[in-house]
Amino acid sequence: MMFINLSNHTSTRWSEAQKEAARQYGEIVDMPFPAVSPHISSEELDELVEEYFNKIQQYSDVVVMVQGEFIFTYRMIVLLKKHGIRVVATQSDRRTIEFVDENKNTRRESEFEFIKFMEY
């Protein structure tokens, strides 16, 4: 089995807990998420989804984690599930710290702790 990571977050930067959870599905394969222009037409977006779907189909027995631009992600998940391909998302605990910096600007920093993968 293969675990395809279709996101902007390469698995080399994941926590050991997240890597171990992904390996339960199979070998991890990073597939960089496409840059989706906000000016793209619906038809062009469908073509991009189809292009990435074809890349995924080059692998057999896969589970795909899809996380990125919302409309692409939604359309990809629908297409994958229509073809019987399992799709998961990361569930994380988000901790946000808000502070005022030396220039009196309010800043926020978020830290995410991986909890588990959940299937759509």
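## Lining of the largest pocket

The lining of the largest pocket comprises four nonpolar, nine polar and two charged residues; Ala, Val, Leu, Ile, Met, Phe, Trp, Tyr, Cys and Pro count as nonpolar, Asp, Glu, Lys and Arg as charged, and the others, Gly among them, as polar. The model is predicted: local features need pLDDT of at least 70 and side-chain atom pairs pLDDT 80 or more, while totals for chains, interfaces and linings use all residues. Residues are numbered from 1 along each chain as its sequence is written, and side-chain values use heavy atoms, without hydrogens and water.

The volume of this pocket is about 460 Å³. Among its 15 lining residues, His9, Gln18, Thr90, Ser92 and Phe112 are the closest to the centre. Strands β4 (86-100) and β5 (106-119) each contribute at least two lining residues, and β5 provides the largest share, three residues.

## Buried face of α1

In helix α1 (residues 16-23), Gln18, Lys19, Ala21 and Ala22 are buried (under 20% relative accessible area, 1.4 Å probe, protein chains only). These buried residues fall within an arc of 165° seen down the axis of α1, so they line one face of the helix. Their cover includes β1 (2-7), β2 (27-32), β3 (62-66), β4 and β5.

## Positive phi in two loops

Most residues other than glycine have a negative phi. Asp61, in the loop between α2 (42-57) and β3, has a positive phi near 55°. Lys104, in the loop between β4 and β5, has a positive phi of about 70°. Lys104 is exposed (over 50%), at 68% relative accessibility.

Terms used:
On a 1 Å grid over the protein atoms alone, a cavity is a set of points where a 1.4 Å probe fits but cannot get out, and a pocket is an open set with protein on both sides within 12 Å along at least five of seven lines; lining residues have an atom within 4 Å of a point. Grid points are joined across faces, edges and corners, and a volume is the space filled by probe spheres set on the points. Helices (H or I, at least four residues) and strands (E, at least two) are DSSP runs, numbered from the N terminus. The arc is that of the directions from the helix axis to the C-beta atoms. Contact means heavy atoms within 4.5 Å.
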